[in-house]
Amino acid sequence: VSVISSHHNPWPWVTTPIDLPSASRIGPCSICSSSIACIFRAPTFSLNQRTAWALHKFLVISGQQLIQPSRMTPYLNTLLRNSFGSYRQLLIELTVSPAMGEYLNMRTSTLQNPNENYAREILQLFSIGLVQLNTNGTPVLDLGGNTIPTYNQYDINELSRVFTGWRFNTAGQVPGTDDYINTMALVEANHDRAKKEFLCDCTNPVVPINCATTFPANQNGDVA
């Protein structure tokens, strides 16, 4: 603290409030790998923007699918807005982000045809990862020396049903255009309202037991 508070502050971008551009002004290319030098050297980029850049390296969407910068901008601003906040809240907002819904197909996941893509990625890449870990970061091993998976296909199937029913928001939209600014809207008729269980002991795959989470029947799709 004494170092940061001194006149010889080596990290002015940590403590000095400055008027910084939002993603709508810097554009998506300013936060891509081509701008690494700018992000980590330029004093005009604050700590929260550097944190958002780091988050964007694994909370990913694709510029190949979202070609128009305006479609990526709200996603980037979500990272900036939540870079120092709750990771849970960040995941909630990204889950209903139109850009994420387009990239991982959640906007087309319905009661009749649930899509696994977002359920799989939120587990593998956005949260608990593929294998169980000890508190020191090393993998938990079974008696045979093998890593232990954190989830299985049953969990993916159940979680994909949780994320059904979302689509682009059409309120006030010009017909034939897609809304990438406002969060996606839930169509309850397309949401699976049956009971769902998650992170269970599937030693007996026919009857999973000891589930970590149960989503009760008739629960609305927008319950976080």
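User: What share of the contacts in the protein with a separation of 6 or more comes from residues 24 or more positions apart?

Analyst: The share is 57%. A contact here is a pair of residues with heavy atoms within 4.5 Å. The model is predicted, and the percentage is computed from its atoms.

User: What pattern does the protein follow along the sequence?

Analyst: Reading along the chain gives α-α-α-α-α-α-α-α-α-α-β-β-β-β. As a count, the secondary structure comes to 10 helices and four strands.

User: How many residues are in the protein, and what percentage of them is buried?

Analyst: Buried means under 20% relative accessible area. By that cut-off, 36% of the 224 residues are buried. The protein exposes about 12800 Å², and carbon and sulfur atoms supply 56% of that area.

User: How many salt bridges does a search of the whole structure find?

Analyst: The search finds seven. To read one, look for a side-chain nitrogen of Lys or Arg within 4 Å of a carboxyl oxygen of Asp or Glu. Take glutamate 116 and arginine 120: their side chains meet in a salt bridge with an N to O distance of 2.6 Å. Glutamate 116 is partly exposed, at 27% relative accessibility. Arginine 120 is also partly exposed, with a relative accessible area of 27%.

User: Which residues are linked with Arg161 in a network of salt bridges?

Analyst: The network links Glu158, Arg161 and Asp192. Start with arginine 161 and glutamate 158, whose side chains meet at 2.8 Å, N to O. These two residues are three apart in helix H10, so about one helical turn separates them. Next comes aspartate 192, which forms a salt bridge with arginine 161, with 2.7 Å between the closest N and O atoms.

User: Is arginine 161 buried or exposed?

Analyst: Arginine 161 counts as buried, because its relative accessibility is 15% and the cut-off is under 20%. Glutamate 158 is buried too, at 11%. Aspartate 192 is likewise buried.

User: How many aromatic pairs does the structure hold?

Analyst: It holds three. One of them joins tyrosine 118 and phenylalanine 163, at 5.1 Å centre to centre with 80° between the planes. Planes over 60 degrees apart count as edge-to-face, so this pair is edge-to-face. Tyrosine 118 lies in helix H9 (residues 117-124) and phenylalanine 163 in the loop between helix H10 (153-162) and strand E1 (166-167), so the pair ties together parts 45 residues apart in sequence. Both tyrosine 118 and phenylalanine 163 are buried. With Phe126, they form one aromatic cluster.

User: Which residues form a nonpolar patch on the surface?

Analyst: The patch consists of Phe58, Tyr87 and Leu125, with about 230 Å² of accessible area together. Leucine 125 is in the loop between H9 and H10. Its relative accessible area is 36%, which makes leucine 125 partly exposed.

User: Where is histidine 56 found?

Analyst: Histidine 56 is in helix H5 (residues 47-56). It is buried, with a relative accessible area of 12%. A polar atom of its side chain lies 3.2 Å from the backbone oxygen of tryptophan 53.

How values were computed: Residues numbered from 1 in each chain as written. Predicted model: local features only at pLDDT ≥ 70, side-chain atom pairs only at ≥ 80, totals over all residues. Heavy atoms only, no water. Phe/Tyr/Trp six-rings, centres within 6.5 Å; stacked < 30°, edge-to-face > 60°. Buried < 20%, exposed > 50% of the residue type's maximum accessible area, 1.4 Å probe, protein only. Polar contact = N/O pair within 3.5 Å; in protein donor to acceptor, adjacent residues only side chain to side chain. Patch = residues over 30% accessible without salt bridge, like charges linked within 9 Å, V, L, I, M, F, W, Y side chains within 5 Å. Areas by Shrake-Rupley, 256 points an atom, 1.4 Å probe, with all protein chains shown as cover.
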